[in-house]
Amino acid sequence: MSTSTSTVRRLIGFLLASVLAGALTAGTLVPLVVFTGTATNMASDAYASIPSFPKTTSVPESSVVYDRNGKVVAKFFAQDRKPVKLKNISPWMQKAIVSVEDERFYEHGGADPRGILRAAVANLAGAGGQQGASTLTQQYVNNRNILNQIADGVPASELTISGNKSVADKAREIKWANEIEQTMSKDEILEGYLNLVLFSGTTYGVEAAAQRFFSIPAKKLSIEQSAMLAGMVQRPGYFNPLTNPEATKQRRDAVLSRMLHNEVITKEQYDKAVKKDLGLKPSDTKSGCTAAKEAPYFCTYVYWEILKNPEFGKTQQDREYLLLNGGLQIHTTLDMKLQKAANKQVREAVPEGDKGGLGSAIVSRDNKTGDILAMAQNTRFGTSEKNPAAYTEYNFTTDRSHGGSGGFQGGSTAKPWTAMAWIEAGKSVKSTVNASRRNYSGTSWDASCLPGKRYKIFKEWDVGNAIANQYKNMPMNKGLYWSINSATVAEAYQLDLCDITSVAERMGLLEGQITTQGEPADAKSLASSGPSLVLGAQSVTPLAQARGFGAFANKGMICNNRVFTKIKGADGTKYKVPEPECKRVFEENDVSTLNSILTKIARERVVMGRFSAPTGGKTGTNDNATSTWFAGYTEGMTTVAWIGRKDGTTQLGLNNGIKLRGIPVRKGDSMTHAGPMWAKYMAQVYQNYDHGRIPNEVKQPHASSSDDSDEEVDSMPAPSSPRPSLGSAQGETASVESSSSSDSAQSSTTASSSGSSSPASSHSESRGASRSESSNPPRRNEQPARENNNGNRGNSGQEDD
């Protein structure tokens, strides 16, 4: 046995014997009485009885989120740490820390008996306050032990930090230090210590400290910079150059004096260094999405994807611990070029912090992989008492499970549901529909997924169009192109409501929504809300819209949302991330037929020559224009643009006086807000992804054509001026025939509802009035119809472009 090890054994025996004899003060390690031989014998086996040091320690490291090109988006950490090799740590830093913390580091074998006796004598004499006796090796093993305690869930009050250590803790620390010295070199111990030690707040390790206070890597630290950092570890909360610069400089100069005393710097170097000020150049590294300047809401989506996925731990608590401590390298699908372009457009449309209560958002997806490419809104992430309008933690584009607001009323972006069901039923898009009918009171509707397979309306339901002269027979495709409410309802009346809601379900538009019973919404629960669903009163998120409409660009294939490309832990673990996963939800011919209308809408009513790529999509505006939409796509990418009330309420909007830039807006809709924002954004980014032809031929070889119209979609006669008022809202009470109960799809927004649900199977609904909006399709100078999309809940009447 080496002399050093023997000395340590005797020292531990001395300490434990003192404890047994009640003769040692834990805080000072000062013997109070002379040992008896009995006490010493009682401690003779103490060394062997102390458990050996754990072989492995999980050292917390920051997790880093990257965009698709490897640029850092955000970091997550409980302890901001970036471990580096000793060769990448300035030699001055190594000399400074040894000089001030353990000048005999290269001489002792883990514990330093001379240091302990020196501290004991000084403490007993009361000279200069109490002195510690821990070597760098002891500090290293104790820091590792604390990390193990944290990982095991030990309460903070029980951690073996300074002030909490018992004599038994100290004895264990000494033994562990001795063991570590037998298995690790001095350089390895010094490297480990400098990567573990706390410098300030959440800044751990010398690399993070060098970046925090000087914005340089640790290998470039100068003599005086090294001395400052070395001096901070004694009392990190006190010796902070940002909050206590005078005391920190005094401490730095004391370290320089120790370095001179130990002859690791010359008198000339000392004199030069001590004259310098602290020379701070701080950089603040924040944890989490607050620091994700360009993409904070994409960052929140990443955060919740980690916390929801069992791949990263059994419980949500385990997953969050891994994210904050596991050094994950998280590579994502974010396209920073698109993100920056989206950030610009959402703020040009609605300025950040606008006092009127409006929000704006853009989300883009890759149609063929499901990759989320950009996610932007006109707010900063977080909260602010001084400027609350500029901040929110809610993501406008996602559902609640991803930190979102839960969506907004979709308006006439819902009308393609009915159109696709019409096409799937074998009906021609050129067939004439009876858009002249306004009143559907007392009607009974096919609804095969509901009890009794019917849905009956008992009270008044008048379908409102914003333009009075559009109550007329017209081809189905013209009704969708001009988004005529009475045309859409006429189509739906010939169909099964459950076939229509099946389209919405297949598009993924019900994901994240819940029923009034708290169950996940599905085609059945949506159908139970009644036929007014076809006019888009339901809440839907921009991300769900982007996924659903992407199927129209991808020949009927829909892909799951995807945000990760690869994830690797600090320990080398490669985590399984979803590969692109797509499935067919619509037949190619049916999609092509629908695109014969949707591509015309996008080209002639939204893009209008701003860029040349083939596009498709659908506009949407709800009652009072509190939500305006355009869900549009090129071959490779779908982008959804939304502008509306951030709080989801529906009383005051863009067509009845909500303020934008301090000015009341009274003629706003998707054609004047969401549509132009979408077009300006896409004009900047469409070339980054596939933008070839979108199949849009009418492919209905077996469609019924006996009532086909020869009238062209863009040949609508000029509508008359909007009437000043559509009158008061009409009530509708409906029930499922032969049903004792039903589920109605529940809005996930914060919108209030003035309607009430009657008991059992009936639903009370009220409709708002609509206003007109303008559009200028090619070749004709005429105003298109804006209609009142009568919604399925109180004050949720829909209107669109």
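**Disulfides and a hairpin**

C559 is buried, with a relative accessible area of 2%. The model discussed here is predicted. C582 is partly exposed, at a relative accessible area of 31%. A disulfide joins C559 to C582, with an S to S distance of 2.0 Å. The torsion about the S-S bond of C559 and C582 is about 100°, so this disulfide is right-handed. The pair links distant parts of the chain: C559 sits in strand β20 (residues 557-559) and C582 in strand β23 (residues 582-584), 23 residues apart.

The structure holds 3 disulfides. Counting bonded cysteines along the chain, their pattern is 1-2, 3-4, 5-6.

In another of these disulfides, the sulfur atoms of C449 and C498 are 2.0 Å apart. The torsion about the S-S bond of C449 and C498 is about -80°, so the link is left-handed. C449 lies in the loop between β14 (444-446) and β15 (454-457), and C498 in helix α19 (residues 497-506), so the pair ties together parts 49 residues apart in sequence. C449 is partly exposed, with a relative accessible area of 26%, whereas C498 is buried, at 6%.

C289 and C299 also form a disulfide, with sulfur atoms 2.1 Å apart. Their link is left-handed, with -80° about the S-S bond. Both C289 and C299 are buried.

The strand pairing involves β8 (residues 358-366) and β9, which run antiparallel and are joined by 5 bridges. R365 stands opposite I372 in β9. The two strands form a hairpin with 5 residues between them, and G370 in the turn has a positive phi of about 85°. Strand β9 (residues 372-377) is mostly covered, with 6 of its 6 residues buried.

Methods: Residues numbered from 1 in each chain as written. Predicted model: local features only at pLDDT ≥ 70, side-chain atom pairs only at ≥ 80, totals over all residues. Heavy atoms only, no water. Buried < 20%, exposed > 50% of the residue type's maximum accessible area, 1.4 Å probe, protein only. Helix = DSSP H or I, 4+ residues; strand = E, 2+ residues; numbered from the N terminus. Pairing = 2+ DSSP bridges. Disulfide = S-S within 2.5 Å.
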